[in-house]
Amino acid sequence: MSRPAQHTGDAEGGRPPWAGATDSGASAAGAASAGSAETRPTESADPRSPGAADPRSPGAADAPARNEATPTRELVLDRISHHYVTDAGNVVHAVEETSLQIPAGQFVCVVGPSGCGKTTLLKMLAGFLAPSGGEARYGSEVITGPSHQRGVVFQQANLYPWLTIRGNVELGPRFRRVPRRERAERTDRLLEMVGLPQFAGAKPYELSGGMQQRAQIARVLANQPDVVLMDEPFGALDALTRERLQADLLRIQRQRRQTVFFITHSVEEAVFLGDRVLVMSPRPGRIVLDERVDLASTYGPEVGAEMKSTPEFIEIRDRVAGAIQVG
Ligand SMILES: Nc1ncnc2c1ncn2[C@@H]1O[C@H](COP(=O)(O)OP(=O)(O)OP(=O)(O)O)[C@@H](O)[C@H]1O
């Protein structure tokens, strides 16, 4: 046990630390108090906005009409560090002074040895943990607590067992007072998107692990976050389900171009999903490799999992794997 420094509020009116973005139990309650819930950043001129022809975006032309603006704010880590103090009084240096800029819409994957500080970094971006030094910013706003704009997907789905899948997905918008009809439409669209429309009325225990994880992703997206922070979301799934969800996630992300910060232990998954792959050193974690992945411009927009056997993919995968040092 330890006493990590926790944020005590958030920039949207001093909401408690459990409020807002997290997909853990209290997420919807937090979302409820998000007064500026429907305020969106202005539309981007970014060529990677949903309507634009995107080289990595096979589904862009088929993307459903949306009434949401494309996120435009960048995520910034400015010389951020974190140390924990354990109950025994020991100081654990988890993340060493780290700086990073993540442009809006970028899909960033993070790999590194176990215990190197990946989750700690994610928690600081989520606003669950206060940095010991430096700061994290979302646009010009210093991150001081959770927000519905930054949704979090964990390895375990943690759906409310007493609610149906529809009830779980709708909960955040309901607490944020999204009108009933819009809420229902949004839920239908998301359940369709994650391939679960026929399970809307089912309870979580009636779904497989992969289906529950898809429902969790829908639940997080129902809050229309601009940033999705994912901590090994597919780590507990079998290989086939994992591949399916990778493809689903890419398709979903290409529709709205959320910024994604995705932690994984699989180098192959990181190179397949990421526009960019970061490798962290053993603890105290810092970034030792920042690799751009731009395979779609070589292989064209239609390429899918078969990209994994191309020489370019293998070259990047090996470079990333080679940069991972075991602590
Ligand atoms: N609450 C805590 N109290 C004390 N130490 C902690 C706490 N949380 C994490 N740590 C320590 O901080 C270091 C970084 O942990 P973190 O969970 O960020 O690593 P990680 O890279 O996500 O690990 P993994 O890949 O195994 O999930 C580890 O050494 C861990 O033991």
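Reply: A term first: a residue is called buried if 20 or more other C-beta atoms lie within 10 Å of its own, exposed if 12 or fewer, and partly exposed in between, with the C-beta atoms placed from the backbone. Helices (H or I, at least four residues) and strands (E, at least two) are DSSP runs numbered from the N terminus. This is a predicted model, in which local features need pLDDT of at least 70 and side-chain atom pairs count only at pLDDT 80 or more, while totals for chains, interfaces and linings use all residues. Residues are numbered from 1 along each chain as its sequence is written.

Me: ok, then which residues of helix 3 are buried?
Reply: In helix 3, the buried residues are Ile165, Arg166, Asn168, Val169, Glu170, Leu171, Gly172, Pro173 and Phe175. That makes nine of the 11 residues in this helix, which spans 165–175 and is mostly covered.

Me: and what follows helix 3?
Reply: Helix 3 is followed by Arg177, whose phi is positive, near 60°, although Arg177 is not a glycine. Arg177 belongs to the loop between helix 3 and helix 4 (180–193), and it counts as partly exposed because 13 other C-beta atoms lie within 10 Å.

Me: which other non-glycine residue has a positive phi?
Reply: Gln224 is one, with phi near 50°. Gln224 sits in the loop between helix 5 (209–221) and strand 7, and it is buried because it has 25 other C-beta atoms within 10 Å.

Me: how many bridges join strand 6 to strand 7?
Reply: Four bridges join them, and strand 6 and strand 7 (residues 227–231) run parallel; Arg150 stands opposite Val227 in strand 7.

Me: and what does strand 4 pair with?
Reply: Strand 4 (residues 133–138) pairs in the antiparallel sense with strand 1 (residues 75–85) over five bridges, and also antiparallel with strand 5 (residues 141–142) over two bridges. Their hairpin, that of strand 4 and strand 5, has two residues between the strands, and Gly139 there takes a positive phi near 60°.

Me: last topic, where is the cis peptide bond at Pro284?
Reply: The bond from Arg283 to Pro284 is cis, with omega near -5°, and Pro284 lies in the loop between strand 9 and strand 10. Arg283 is partly exposed because it has 19 C-beta neighbours inside 10 Å, and its C-alpha is 8.8 Å from that of Ser114, 169 residues away in sequence.

Me: what does Ile287 contact?
Reply: Ile287, in strand 10 (residues 287–292), is in contact with Thr98, Leu100, Leu278 and Met280, leaving aside neighbours within four places in sequence; contact here means that the C-beta atoms, placed from the backbone, lie within 7 Å.

Methods
Contact = placed C-beta atoms within 7 Å. Pairing = 2+ DSSP bridges.
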